[in-house]
Structure formats: C-alpha cells, structure tokens
Amino acid sequence: GPKLFQYVVKVIVQSVQLLYTMLKIDQPSYILLQNPPGLPSIAVAWLACLFWRSKLIIDWHNYGYTIMSLTHGRYHPLVHIAKWYEKLFGRLSDYNLCVTDAMKEDLWVNCSIKAVTLYDKPPSYFKETPLELQHHLYMKLAKDYEPFKPRTESVSANAERSAFTERDGVHGHVIKPKGRPALLISSTSWTEDEDFSVLLKALEDYECYVNKGVKLPPLVCVITGKGPLKDYYNRLIHKLDFKHIQFCTPWLEAEDYPLLLGSADLGVCLHKSSSGLDLPMKVVDMFGCCLPVCAIHFKCLHELVKHNENGLIFSDSEELAEQLKMLFLGFPTLESKLQTFRENLRESNQLRWDENWDQTVLPLLGQNE
C-alpha cells in the first residue's frame with residue numbers, strides 16, 4: 001500500500017506492542033525515555049505512567065521532527081504532525097533533561113517545557129590506549145585491513161610490525177617509528193546530517209600540499225560505522241587517486257572502538273545537528289580518550305568544542321584542509337598544536353557519565369520524592 005498507510009500501521013502496531021510490554025513490568029517509580037525516537041514511545045510511556053502512577057522523565061537529545069525533515073522536507077504534513085505531537089506530549093512529562101543549554105532555552109521558549117541540562121559524558125572505558133594495547137589492536141586490524149599493514153620491510157627480522165607500531169623481537173618493547181603515518185578517525189551513521197564530501201575535498205587539498213613539497217605525513221583515514229549512505233561514499237572514495245592517503249571503513253567490534261579512538265592522532269566530526277541544538281556524542285567519546293577534534297560548525301557546538309583549546313571548528317572543506325596542514329606539519333613532534341590540545345584534554349579532568357548523573361539527576365529526583 002501507500003507509504004503513508006504503511007507508516008500509520010507501523011506506528012499503531014508499535015504502540016500496541018510497546019504498551020503491552022510496559023504494562024507487564026513491575027511497577028516503576030519513574031520511566032526514563034530518550035527522545036528521539038519519540039513516536040510512538042512518548043505517548044505510550046505517558047499512558048503507562050498513568051496506569052502505574054509513575055513519573056515520566058524525557059531525556060531530550062534532539063527533536064524527532066527535525067530528523068524527519070531531513071528526509072521529507074520541513075513543510076511535509078508528517079513533519080508538522082510530529083512537531084505538534086512532541087510539543088504536546090513533552091508538556092505532559094513530569095521532568096525533562098536535555099543535552100545543551102541552547103536546547104533548554106528552546107524547550108522553554110517554544111514548548112513551555114522546563115528542562116535541566118545534562119551534558120553527555122563519556123563512560124570510563126573511553127580513555128587513552130596504552131602503547132602495548134595499541135600495537136595489539138593494530139596487528140589485529142592488519143589481518144583484515146590493508147592500511148594497518150606495514151608499508152616497508154623491517155630492518156630486524158624479529159620485529160613485529162604494523163603501519164603505526166613496532167615490537168622489538170629481542171626486548172619486546174613497543175615503539176612508534178618516526179616515519180609512521182598519522183591516524184585520522186571519524187565515526188558516523190552515514191546519514192544525511194553528515195556530509196562526508198567535506199572531508200573528501202579537504203583530503204584532496206591535503207594530497208596537493210604533499211605533492212607540492214609540504215612536509216606532511218601520509219594519512220590513514222578510518223571511518224567507522226554503518227548506515228544508508230555508506231555505499232554511496234565508498235564509491236566516491238574508490239574513485240579518488242591518492243598516493244599519500246589510505247582509507248579504511250571498518251565495522252569494529254564494540255570493545256575495539258574505544259581502543260581505536262584512544263590510539264588515533266586526530267578525530268574529525270562532520271555531524272550537523274538537524275535542530276542545531278544537540279551535540280555529537282562521538283566528540284564526547286573522543287574527548288574521553290583525550291583525542292583532539294576538528295568539528296564542523298553549527299549553532300551550539302561551542303558548548304563542547306572550545307576552538308583552539310581542545311580542538312578546532314571549521315566551516316568548509318578549505319578551512320578543514322588548512323587545519324589538517326597546520327596540525328600535521330612536522331608530524332610527529334611533541335611541540336605541535338595537536339599535542340597542546342591533547343595536554344589540555346588531559347588536564348581538564350572531565351566528569352564521567354556516572355559522576356555527571358549523580359551530580360545532576362539524583363538531586364533533581366531527590367527534591368521531588
């Protein structure tokens with residue numbers, strides 16, 4: 001049948017399934033719901049709270065209707081219905097959390113919803129990766145991905161090598177050779193809110209800099225994740241004829257992702273919020289690993305990325321290319337801007353997820369017991 005009919009049926013079926021499941025659980029004091037996705041879960045959670053006489057907490061990470069507008073356009077009837085639905089049921093919640101001060105203000109001004117800002121924080125397992133673990137990870141990835149394999153033969157026959165590390169066969173020490181490539185990482189769900197052509201164009205400029213004699217290292221660009229646009233961008237990548245840049249688009253095991261972030265030299269974020277009011281979780285995780293970031297600008301990004309302090313903010317591919325040139329000039333050196341950003345992140349003593357929850361949410365709930 002028509003797509004609209006399919007969508008309505010899907011929402012009805014999901015509503016019945018979700019409500020049935022929620023009414024079978026033991027009576028909760030609170031129901032905590034992340035939005036989006038909020039259709040139909042906000043309405044169903046509200047009904048369940050009525051039945052259980054529980055309190056409903058909505059954790060606003062974005063607006064569902066702005067995400068829908070990326071596919072359907074801002075003026076599509078479904079988008080207007082979703083906007084009305086989020087505002088209506090959002091007002092029926094007992095407590096509200098949100099991820100930025102900008103969203104807190106927007107919820108109050110446009111929806112009359114009073115929220116408390118709870119910034120996303122990285123879990124404790126997002127941290128810098130020790131050199132020994134880095135080497136183990138690189139050797140594991142080298143079995144399946146060409147960019148992680150050594151580019152030249154080792155001088156020592158006993159050495160165990162990856163593209164980035166080398167273990168001395170005699171003493172067992174792991175080192176990073178001076179001539180190693182730089183490791184740039186970006187993670188994505190390959191959706192419309194991330195334009196990877198910006199990164200590809202910047203890397204074309206980077207390749208030109210190297211060809212003109214600028215002393216820049218070879219790059220290994222790792223882009224992790226799965227999503228609908230992955231095949232499209234992979235086709236674009238395969239058309240590029242780079243001599244100094246290699247690409248890798250792996251699907252990592254869950255435990256390997258934080259290890260790779262903690263091993264990389266630079267993170268790149270191309271997330272553009274559909275609402276302009278949420279922050280990219282991938283940058284939060286990168287900062288947990290003390291990984292400096294170049295992130296594309298949008299409205300409230302400054303609440304997370306402090307330009308020229310823990311990373312850089314860019315507006316287009318030309319600006320990103322200039323930043324890559326500046327950060328990797330003379331790589332690797334301990335006096336670089338990249339190292340300064342990393343030291344700033346180490347010294348920032350960021351809160352972790354559980355500490356942040358205890359400081360922000362528990363007092364909110366305790367006041368209302």
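Trainee: Which elements do the buried residues of α10 pack against?
Mentor: In this predicted model, they pack against β8 (182–187), α9 (256–261), β11 (266–269), β12 (293–296) and α12 (337–347).

Trainee: And which residues of α10 are buried?
Mentor: Lys282, Val283, Val284, Asp285, Met286, Phe287 and Gly288 are buried in that helix. With 7 of the 8 residues of α10 (residues 281–288) buried, the helix is largely enclosed by the rest of the structure.

Trainee: What about the backbone that follows α10?
Mentor: Cys290 follows the helix, and its phi is positive, near 55°.

Trainee: Let us turn to the cores. Which residues touch the most other members of the largest nonpolar core?
Mentor: Phe148 and Leu260 do, in a core of 66 residues. Helix α2 (residues 41–52) supplies the largest share of this core, 7 residues.

Trainee: Which residues does Leu260 touch?
Mentor: Leaving aside residues up to four places away in sequence, Leu260 touches Leu137, Tyr138, Leu141, Phe148, Leu183, Ile185, Val222 and Leu252.

Trainee: How many residues are in the other core?
Mentor: That core, which lies apart from the largest one, has 36 residues, among them Leu203, Ile237, Leu338 and Phe341.

Trainee: Is Phe341 buried or exposed, and in which helix does it lie?
Mentor: Phe341 is buried, with a relative accessible area of 1%, and it lies in helix α12.

Trainee: What does Phe341 touch beyond its sequence neighbours?
Mentor: Not counting residues up to four places away in sequence, Phe341 touches Pro292, Asn308, Glu309, Asn310, Gly311, Leu312 and Leu327. Phe341 and Leu291 are 50 residues apart in sequence, while their C-alpha atoms are 8.2 Å apart in space.

Trainee: Gly311 and Leu312 belong to β13. Which way do the residues of that strand point?
Mentor: Gly311 and Ile313 point one way from β13 (residues 311–314), whereas Leu312 and Phe314 point the other way. In a regular strand the side chains alternate between the two faces of the sheet.

Trainee: Are those residues buried or exposed?
Mentor: All of Gly311, Leu312, Ile313 and Phe314 are buried.

Trainee: How many bridges join β12 to β13, and which residue stands opposite Ile313?
Mentor: There are 4 bridges between β12 and β13, and the two strands run parallel. Ala295 stands opposite Ile313. β12 is also one of the elements against which the buried residues of α10 pack.

How values were computed
Residues are numbered from 1 along each chain as its sequence is written. This is a predicted model: local features need pLDDT of at least 70, side-chain atom pairs count only at pLDDT 80 or more; totals for chains, interfaces and linings use all residues. Side-chain values use heavy atoms; hydrogens and water are left out. Buried means under 20% relative accessible area, exposed over 50%, partly exposed in between (1.4 Å probe, protein chains only). Contact means heavy atoms within 4.5 Å. A nonpolar core is a set of buried Ala, Val, Leu, Ile, Met, Phe, Trp, Tyr and Cys residues joined through side-chain atoms within 4.5 Å. Two strands pair if DSSP finds at least two bridges between them.
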